[in-house]
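This briefing sets out selected features of the model shown here, grouped by topic for use in computational work.

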Amino acid sequence: MPFGLASYLSSIKARDPAPRSRLEILTYPGVLAVGLHRIAHRLYRAELFLLARIVNHFARFLTGIDIHPGARIGKNLFIDHGFVVIGETAEVGDNVTIYQGSTLGGTNPANGIGGKRHPTIGNDVVISLGAAILGPITVGDGARIGANAVVTKDVPPGATMVGIPARPIPVVVREPPAFVPYGTPCSEKFDPVTQKAELMRCEIEALKARLDALERLLSKASDAA
């Protein structure tokens, strides 16, 4: 096994307790998606756009992961499970972990703004399931994006972001860990009370937004009647 591939598989094994060997990791859809993206990206840079798109669609068909051929991916990207979308001008640093259902999305192309439309992700970032990072923003090194968070502004290095829109939460760390699964500090080394309070506040805000939407629908129905 080539040293580069062995190192990549070892980096995934360090972040995922499930596989019993590095060979087992070769069956992961995220590994296949990243490998096929390397091919598609080379074709894209050679301006063989149609061929790049064909490889991209083949990878998406096999894995459920859609990485645009133009996206720039660093070393040791670990996509855990599928249904991840990474846009054309996205840039992903080294040792990034992305969980299922996450999106690195762009700004609205109808507004006429071209060029950089997707986010730049720093090194050692963890993006939890269902998170959306939107627009040409920067996520600093070591940041953690919580589940279902919607990030539309720059994220400072080391921050933990939760909610819609995402906000940083204070996390007290006595001993920084090497890796936090799902980007969520759930051990006794963190401040669980602050985290739970922030998550509850985000849920209340989401419920209020739904209630407001229902009230507007009822008002429109009443006016129509």
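The model is predicted. A search of the whole structure finds three salt bridges, and an open sheet of six strands is also present.

**Backbone geometry**

- Most residues other than glycine have a negative phi, and most peptide bonds are trans.
- Asp 124, which is not a glycine, has a positive phi near 60°; with a relative accessible area of 41%, this residue is partly exposed.
- His 81 likewise shows a positive phi, about 70°, without being a glycine. The residue sits in the loop between strand S3 (78–80) and strand S4 (85–86) and is partly exposed at 45% relative accessibility.
- The peptide bond between Ile 164 and Pro 165 is cis, with omega about -10°. Pro 165 is placed in the loop between strand S14 (160–162) and strand S15 (167–168).

**The six-stranded sheet**

- The strand order is S3-S6-S9-S12-S14-S15, and the pairing is mixed.
- S3 and S15 form the edges, each pairing on one side only.
- S3 runs parallel to strand S6 (residues 97–99), and three bridges join the two.
- Asp 80 stands opposite Tyr 99 in S6.

**Arg 144, a buried charge**

- Arg 144 is part of strand S12 (residues 144–145).
- This arginine is buried but has no salt bridge.

**Salt bridges**

- Side chains of opposite charge can pair when their charged atoms come close.
- Arg 60 and Asp 66 meet through their side chains at 3.1 Å, N to O. Arg 60 is partly exposed at 34% relative accessible area, whereas Asp 66 is buried at 17%.
- Arg 117 forms a salt bridge with Glu 88, with the closest N and O atoms 3.3 Å apart. The two are 29 residues apart, Arg 117 in the loop between strand S7 (103–105) and S8, and Glu 88 in the loop between S4 and strand S5 (91–92). Glu 88 is partly exposed, with a relative accessible area of 23%.
- Glu 91 and Lys 116 form a salt bridge through their side chains at 3.3 Å, N to O. Glu 91 lies in strand S5 and Lys 116 in the loop between S7 and S8, so this pair ties together parts 25 residues apart in sequence.
- Glu 91 is partly exposed at 31% relative accessibility, and Lys 116 is partly exposed at 31%.

**Nonpolar surface patch**

- Leu 32, Phe 58, Phe 61 and Leu 62 make a nonpolar surface patch of about 430 Å².
- Helix H4 (residues 49–63) gives the most to this patch, with three residues.
- Phe 58 is located in helix H4 and is partly exposed, with a relative accessible area of 45%.

How values were computed. Residues are numbered from 1 along each chain as its sequence is written. This is a predicted model: local features need pLDDT of at least 70, side-chain atom pairs count only at pLDDT 80 or more; totals for chains, interfaces and linings use all residues. Side-chain values use heavy atoms; hydrogens and water are left out. Helices (H or I, at least four residues) and strands (E, at least two) are DSSP runs, numbered from the N terminus. Buried means under 20% relative accessible area, exposed over 50%, partly exposed in between (1.4 Å probe, protein chains only). Two strands pair if DSSP finds at least two bridges between them. Lys and Arg count as positive and Asp and Glu as negative; His and the chain ends are not counted. A salt bridge is a side-chain nitrogen of Lys or Arg within 4 Å of a carboxyl oxygen of Asp or Glu. Patches are made of residues with over 30% relative accessible area and no salt bridge: like charges are joined within 9 Å, nonpolar side chains (Val, Leu, Ile, Met, Phe, Trp, Tyr) within 5 Å. Accessible areas come from the Shrake-Rupley method with a 1.4 Å probe; for residues, only the protein chains shown count as cover.
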